[in-house]
Amino acid sequence: MGGEELIQLLTPEGERRQHDDYESTLTRDEILGFYRDMVIVRRLCNEATSLQRQGQLALWAPLQGQEAAQIGAGRALGPQDFAFPSYREHGVAWTRGVPPADMARIFRATVTGGWDPRQYRYSLPTVVLGDQTLHAVGYAMGIQRDGADEAVMVFFGDGASSQGDVLESFVWAASFQAPVVFVLQNNQWAISEPTSLQTRIPLYHRADGFGFPGVRVDGNDVLAMYEVTRRALDRARAGEGPTLIEAFTYRMGAHTTSDDPTRYRVEADVEVWRHRDPVERVKALLARSHRVRSSRFAEIAEEADALALALREDVLAMGPPPATDMFDDVYAEPHPWVEEGRRTLSAFLAEVAP
Amino acid sequence: MTMMTMAKALNEGLRRALESDRHVLLLGEDIGKLGGVFRVTDGLQKDFGEDRVIDAPLAESAIVGTSVGLAMRGYRTVVEIQFDGFVYPAFDQIVSQAAKLHKRSAGAYTMGLVIRLPFQGGIGAVEHHSESPEAYFVHTAGLRVVACSTPNDAYWMIQQAVAHDDPVIFCEPKCRYWDKGEVDLENPPTGLFDAVVRRPGRDVTVVAYGSMVKVALQAAEAAAEEGRDLEVIDLRGLSPMDLDTVAASVERTGRLLVIQEAPPIASVGSEIVAAIQERCFYSLRAPATRVSGFYVPYPASKIEDEFRPSVDRVLWSLDQLMEHDS
């Protein structure tokens, strides 16, 4: 799976694996923390999918299978760093401290964002594929001009890797040696299109052509994801330029709750990846090598259940905003056409609608 | 008062913006050593350095997209799009990101960003160098759009645009870059979006912007010889539009003629005509009228003078407008 150059520090069976360039120095408690993160985001994601099925969310983009890629990369970020998601990075959002209810707002369709990106140093979901890669490079160019000891991480997928903006962002990051880490989650599917339609070479090889390093990591190995992204962030902060990290993983669920993967892929393929589950391998490691007891795992599962219940309650309590919210924050300074719309709708609502 | 060309006035305005705030950056193709293909940024990289006056790799979407990222970091980037017809690769970043991020972030992100767009024709150029794409941006909530027509306005409006917290599409009539005019280096003329009456008159309100302001004034001179007194309004703000100034004029004259290089359909002129008939229906003595380019791709430049409204075509349309009189 993933070729010879795949960086893996933990096998699907939960065995530690040596690598010439990378070594995990994580403590038992840190690994347990990552395990907790992954269990929680998976549980939250399941709850959100259920909420969508029950008509409480307009849409949800499940992350199942990509927990290690997101938690490993997210936990490598320092508090001073800034990260840009696509729209499936609920795991990264969790590591940045975004409340789960805020992650759900855009999918409840009460807002188009969800949180204050400055508060969490974590930008907003970007639905147009790849646009955020240019924002990340621009932000990184700002860091350079501020002389700050910070780096940027940006997430996108194998589908977005075909977008012009992503390739332009590679050119710019290289030309300006911007302190940015590109995390390409190759989950093998862009809705119904396999990665083979996006590329004829391994995606991480593309970095060579742009003049910066590219590596392929077992995206289902949280230890490897953490070590590789941490190293790339250090490199960026040290002024050594960008890195492309291809997290080789698999989208276990549908693209979104509107998708039906049975139309384009076979269950046998999914089954292969089920044996590479990112959460179970860490559990096996913790149980076998670190003697974490089953009661501790049960506690984490209970904590995840409680968070899922809280998410459900928060989502159900989210009413639609006042209709006139559409006129707020369109501009930083008042614009007469927006205000004209506000007056018209307000008058209509006052006179005609209840 | 100092006499200078519009290109020089923009250069001086950008210089002052760079001096006033270290967060102001310039970004565009060939804007460094070359000084831009129109020399608007001439000498600025030498004086402010390569970190602030940045020669961009040739990728318009990236020029705007990275400027959005810089705005998230608190920078105010003045982007130069080399020619109007090259802005479309950046269209997504402008309308889906720059225009929407303030809203999406509930006001957390401030999109301090100016996109300078040399627009309109009249320079005998090859394809893609003479277009009037302003209506695309006027149509997009979240953007502001302005057009300068004089060196004095160019000097002040570019500084006002840089200081503004919303993304501004800054349209520069490239055929007027080398026209000279007086610039008052001490006092700004008026607000960024205010329309200005360039010539008072009693009979017809003529609204123009960018390159067509000069055509409107020339037409007014010619019409005066025939006893027709045109009031010429330089619109300046395209989003928002100072429709109060236009409406006040139409209330007095009873007639409206809008001149633009852009094709007439769903244009800035369309909006002015629609808004004025809503506001001034009972004051209008003739149908509000547009004199525009045509609904065709911008033509080969050997015939662009027949595409762009000329003084003669404005007068011809004026005759028709006066025949409608009631």
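Trainee: How many helices and strands does chain A have?
Mentor: Chain A has 14 helices and seven strands, where helices (H or I, at least four residues) and strands (E, at least two) are DSSP runs numbered from the N terminus. The model is predicted: local features need pLDDT of at least 70, side-chain atom pairs count only at pLDDT 80 or more, and totals for chains, interfaces and linings use all residues. Residues are numbered from 1 along each chain as its sequence is written, while chains are lettered from A and ligands numbered from 1 in the order in which they are written.

Trainee: What makes β1 and β6 of chain A edge strands?
Mentor: Strands pair if DSSP finds at least two bridges between them. In chain A, five strands form an open, parallel sheet in the order β1-β2-β3-β7-β6; β1 (82-84) and β6 (214-218) each pair on one side only.

Trainee: What joins β3 to β7 in chain A?
Mentor: Six bridges join β3 (residues 180-186) to β7 (residues 243-248), and the two run parallel. A:V183 has A:I245 as its bridge partner in β7(A).

Trainee: Why does the radius of gyration of chain A agree with a compact globule?
Mentor: The radius is taken over C-alpha atoms, and the globule rule is 2.2 Å times the number of residues to the power 0.38. For 354 residues a compact globule would have a value near 20 Å; chain A has 21 Å, so the two agree.

Trainee: How many residues of chain A are in contact with chain B?
Mentor: Contact requires C-beta atoms, placed from the backbone, within 7 Å. By that criterion, 33 residues of chain A are in contact with 32 residues of chain B. α6(A) gives the most to this side of chain A, with ten residues.

Conventions: Contact = placed C-beta atoms within 7 Å.
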